[in-house]
Amino acid sequence: KMPIKKDNTITPSLNQITLLHKQSMDKNSNKKIIYNKWSETYDTYVDSLNYSAPLNLVNMCVPFLTNTTKTTTNILDFGCGTGLVGIELKNEFLLNTTLTGIDISEGMINECWKKNVYDKLFNIDITSNKYKDIDTLIQNIGGDYFDIIICCGIFLEGHVKMNIITDILCKLLNKHGYICFTIRDSY
């Protein structure tokens, strides 16, 4: 059983969080359920692991962000989770950017809103059949194409398949746009 806090929310133990992490790697697990359960403790867990992928990815992407000739750079954080990439982008003091985040977990999106760094957040699964038409997908994520799409921590065991890059993400880019992503070595 998980301990109950004074506000009647449940706090998972370290063992339960480690189990959630392990379950998230299972290709047959329901990611929405797992990440909803994990959302309130996710940041603490990844901090305990010295998780540096968001910082490393943003550092890699910054030259592409600052070399744009556009007045505003439109960025999509695909699989934004609790907003760790958004925090790193904000730490870079990037001006004239619009940051949109999408994630399949409502709990993660709720945690992401609390960081107050995203302009738009959407709780959707872009791999759903209802978004096979790119125009429909674009309208459901704010109506804009993106200059840069950032994906951190989604290309790993049991998560998003690599074909999403060509099947969907490339179609969401403006001409001459970039996709920057992390990928786990074991994957």
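This report looks at the cysteines and the salt bridges in a predicted model.

## Cysteines without partners

Let's start with sulfur. A disulfide is a covalent bond that joins the sulfur atoms of two cysteines. How many disulfides turn up in a search of the whole structure? The search comes back with zero.

Take Cys152, which is in no disulfide. Its nearest cysteine sulfur belongs to Cys151 and sits 9.1 Å away.

Now for Cys170. Which cysteine has the sulfur closest to that of Cys170? The answer is Cys151, at 9.9 Å, and that is too far for a bond.

On to charges. Side chains with opposite charges can pair up when their charged atoms come close. In this model, the count of salt bridges is three.

One of them joins Lys114 and Glu111, with 3.0 Å between the closest N and O atoms. Where do these two residues sit? Both are in helix α6, three residues apart, so about one helical turn separates them.

## Salt bridges across the chain

Another salt bridge brings together the side chains of Asp43 and Lys115, with an N to O distance of 2.6 Å. This one links distant parts of the chain, as its two residues are 72 residues apart. Asp43 belongs to helix α3, which covers residues 42-48. Lys115 is found in the loop between α6 (106-114) and β3 (120-123).

Lys120 and Asp144 make a salt bridge too, and here the closest N and O atoms are 3.1 Å apart. How exposed are the two partners? Lys120 is partly exposed, with a relative accessible area of 23%, and Asp144 is partly exposed as well, with 31%.

Conventions:
Residues are numbered from 1 along each chain as its sequence is written. This is a predicted model: local features need pLDDT of at least 70, side-chain atom pairs count only at pLDDT 80 or more; totals for chains, interfaces and linings use all residues. Side-chain values use heavy atoms; hydrogens and water are left out. A disulfide is a pair of cysteine sulfur atoms within 2.5 Å. A salt bridge is a side-chain nitrogen of Lys or Arg within 4 Å of a carboxyl oxygen of Asp or Glu. Helices (H or I, at least four residues) and strands (E, at least two) are DSSP runs, numbered from the N terminus. Buried means under 20% relative accessible area, exposed over 50%, partly exposed in between (1.4 Å probe, protein chains only).
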